[in-house]
Amino acid sequence: MKLDIKSCVPDEIAGLMKQWGQPRFRADQVFSWMHSGCESFGDMTNLPAALRRKLEEECCLTCPSILRKQVSEKDGTVKYLWKLGDGNSVESVVMKYRYGYTICISTQVGCRMGCMFCASTLGGLVRCLEPSEMLDQVLFAQKDMGIRISNIVLMGIGEPLDNFDSVLRFLQLVNSPQGLQIGMRHISLSTCGLVEKVDKLAEYNLQLTLSVSLHAPDDETRSRIMPVNRRYGVDEVLAACSRYFEKTGRRISYEYAMIRDVNDTDRHAKLLAEKLKGTGAHVNLIRLNHVEERGLTPSTPQQIERFTRILQDGGVAVTLRRRLGSDIDASCGQLRRKTENN
Ligand code: SAH
């Protein structure tokens, strides 16, 4: 097995160069070539030929190919379907906002959390992504579009905290001064609420935004739509979020997909407001994206408005997520599936 060198942090590459009798600055060169989207060791032209050969012998350089690229005619959102080294595929979505480009990346091939409304979980989990494979989504989207990405959200296919070590390493890589230098405050990580992992993440005290997919304020409703709730109930998740806030000082953002007659009644809104009031948290309402296989219906705009007002009156900050790329199925929970079936 060759070493997946793009998953290595600068110190590890420095260690490797030392072992090979190379000067320290070679490590920086290799690192910055990789992080600028270089596709082969042979292209690293400022390295001595012997080092390039050694790298080729000992290491592999991941490089996904674009299986499919779709550009939204409505808002310019771009969706990529990447083919990975082993033939699996994952998607990323690039969105343009006033402040720059944001990429939504996948962290696993498939997902094992089983949320009722989500298409990513329909085929179960195939495998976790390597740090290099998460990084490649950013590098090669940038390269293909000729842009610089300023924000990253870990909200694509997969449960990031179910791939904890690789995700953490990925964060370290994109944050690195010799690499993309994307600050933690420009990164959001979305989780269905794996309590032990939320606590573990808090230990690192990163300044990223933690988004928690809550989708219901009570166990009965949440267990119906999110099987993970049978392991970690609503109050346990909320308690872990308070601990996270205490430890990191970062306010939690809760995602709430509005599903007609399932989690969108006035009763749900009141209970949600009661539970979140005074926590400094923020609720991000999402219109449910219709997933054919799931048979759930999005809430009406009127009910979303009522729900919003009840939360606001209850003292909770709330926003409705903008829908970008809806004409290319770029929205939450819809990634990968269609192409895999076609
Ligand atoms: N596994 C992580 C991140 C991936 S999903 C998590 O659960 O948070 C990103 C967000 O999209 C989550 O909030 C998820 O619940 C939501 N989502 C999934 N399917 C959706 C759908 N059909 N409509 C609206 N939001 C959906």
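I count a salt bridge when a side-chain nitrogen of Lys or Arg lies within 4 Å of a carboxyl oxygen of Asp or Glu. By that rule, the side chains of E39 and K143 form one, at 3.0 Å from N to O.

**Ground rules.** I am working on a predicted model, where local features need pLDDT of at least 70, side-chain atom pairs count only at pLDDT 80 or more, and totals for chains, interfaces and linings use all residues. I number residues from 1 along each chain as its sequence is written, and side-chain values use heavy atoms, with hydrogens and water left out.

**Domains.** I looked up the domain assignment of the protein chain, which gives domain 1 (3–60) and domain 2 (65–341). Such bounds come from an automatic or database assignment. I find 34 Å between the two domain centres, taken over C-alpha atoms. Domain 1 puts 14 residues into the contact and domain 2 puts in 15, with contact meaning heavy atoms within 4.5 Å.

**Buried area.** I next took the accessible area (1.4 Å probe) that two parts lose on being put together, summed over both. Domain 1 and domain 2 bury about 1200 Å² between them. Carbon and sulfur atoms account for 54% of that. Which three residues supply more than any other three of the area that domain 1 buries against domain 2? They are K6, S7 and H35, with 42%.

**Polar links between the domains.** I count three salt bridges between domain 1 and domain 2. I also count eight residue pairs in polar contact, both residues at pLDDT 80 or more. A polar contact is a pair of N or O atoms within 3.5 Å; within protein, one must be able to donate a hydrogen and the other to accept it, and residues adjacent in sequence count only if both atoms are side-chain atoms.

**The domain 1 side.** Helix 1 (10–19) and helix 2 (25–35) each supply at least two residues of the side that touches domain 2. Helix 2 gives the most, with five residues. My helices (H or I, at least four residues) and strands (E, at least two) are DSSP runs, numbered from the N terminus.

**Ligand.** A polar side-chain atom of H215 is 2.5 Å from a ligand oxygen. A polar backbone atom of F117 is 2.9 Å from a ligand nitrogen.

**Whole structure.** My search finds 15 salt bridges. R112 pairs with D162 in a salt bridge, closest N and O atoms 2.7 Å apart. These two residues are 50 apart in the chain.
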